[in-house]
Amino acid sequence: MTSLHAAVGNSLTLSTRPPNRMTACGTHRYNSEQQRPSICHEHSLQAMSADFATNSHLCRRQALLGLLGGLTLSLQPLPALAGLIDEKQADKVFESANQSVVSIADYKVANGNEVSEGTGSGFMWDTYGHVVTNYHCVAKFATDRIGAQVTRVGIVDANGDTIEYPASLVGTDAQHDIAVLLVDAPLQSFVPVQVGTSADLRTGQSVYAIGNPLGFSKTLTAGVVSGLNRAIPSPVGTKTYGAIQTDAAISAGNSGGPLLDSSARVIGINTATFTRTGTGRSSGVNFALPIDLVMTVVPNLIVYGTASGKGVKGGS
């Protein structure tokens, strides 16, 4: 069985029931009722051993040379895969965008102490201290009425040290899984992202994700747009349409971080991933909210604290 999980450290589960049979070339994900397939070379060696027992010394040498030749060929690099990620382009994207990416840390206040409850990611929206993230990253903070929750935003300074600053809630749109925070940090710390568009995305287009998976600050992963116009569930049971599917790795802690195009422009908010139930491992099927949708919501959240709910349909 696979489950759709929000890619945040507190592992909020978004209930779905996709097909529970998954096959993938070159992976080690198997159903519990299936036996682990043997390595191809093991089969080849077993077959060759039988031949060696019945053939002459010359035949054995020829067979062995043939096997070694096959192994040599199999170790040659695959041109298509070798050129999939442009290292120079990936470096340019990271250098252009990483200063805009922040970490989101949730704490529960207990007996005067702050106990960590989860981590996520976000990005700087403007020079006034606004940070955009997923609603599920700050859901407990957003619904807290007794001062039992605290959210802090981590910004990496010029020395490479992460400094956490207190944040207040500006507005949320739970139906679209979007939230805006106001961070009490020096305004010179803010380097806003470059905002792109999701309207002209193409399947196969290169994309890059920057976030804080498992607490590892500013991690870059790369992939392609695997699909468009997907529907994903929100934390409140509605569905958000038009999501971007990507194979760029998104893990716990990536939620709220930016999905970028080759020009380092934000085209989406990394939001959810399919994982094998009980393992926490990503299946490579990941989703981001499209930036064109985000652009219709965030300004309203900043000005009014609420969103219109455009594009939301009921259901689970």
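Biologist: Why does S103 count as buried?

Modeller: Its relative accessibility is 17%, and buried means under 20% relative accessible area (exposed is over 50%, partly exposed in between, with a 1.4 Å probe and protein chains only). So 17% puts S103 in the buried class. Bear in mind that this is a predicted model: local features need pLDDT of at least 70 and side-chain atom pairs count only at pLDDT 80 or more, while totals for chains, interfaces and linings use all residues. Residues are numbered from 1 along each chain as its sequence is written, and side-chain values use heavy atoms, with hydrogens and water left out.

Biologist: Fine. Which residues is S103 in contact with, leaving aside neighbours within four places in sequence?

Modeller: Contact means heavy atoms within 4.5 Å. By that rule S103, which sits in strand β3, touches G120, S121, R152, V153, G154, T162 and N212.

Biologist: In what order do the 6 strands of the barrel close?

Modeller: The order is β3-β4-β5-β8-β7-β6, with antiparallel pairing. From one strand to the next, the twist averages 45°. Helix α6 (residues 291–304) packs on the sheet, where it touches β5, β7 and β8. The direction of α6 makes about 45° with that of β8; axes are lines fitted to C-alpha atoms, for helices over the stretch in contact, and angles run from 0 to 180 degrees between N-to-C directions.

Biologist: How do you know that β4 and β5 pair?

Modeller: Two strands pair if DSSP finds at least two bridges between them. β4 (residues 113–124) and β5 (residues 130–133) have 2 bridges in the antiparallel sense, so they qualify. In β5, V131 is the bridge partner of M124.

Biologist: Why is β10 described as largely enclosed by the rest of the structure?

Modeller: 5 of its 6 residues are buried, hence the wording. β10 runs antiparallel to β11, with 6 bridges between them, and I210 has L220 as its bridge partner in β11. β10 also pairs with β13 in the antiparallel sense over 2 bridges; there, the partner of Y208 is L260.

Biologist: Now helix α4. What puts its buried residues on the same side?

Modeller: Those residues are A90, V93, F94 and A97. They cover an arc of only 95° around the axis, so they share one side of α4; the arc is that of the directions from the helix axis to the C-beta atoms. On the other side, K88 and K92 are exposed. The buried residues of α4 pack against β3, β10, β11 and β13.

Biologist: Which residue caps the N-terminal end of α4?

Modeller: D86, with a side-chain oxygen 3.1 Å from the backbone nitrogen of K88.

Key:
Helices (H or I, at least four residues) and strands (E, at least two) are DSSP runs, numbered from the N terminus. A polar contact is a pair of N or O atoms within 3.5 Å; within protein, one must be able to donate a hydrogen and the other to accept it, and residues adjacent in sequence count only if both atoms are side-chain atoms.
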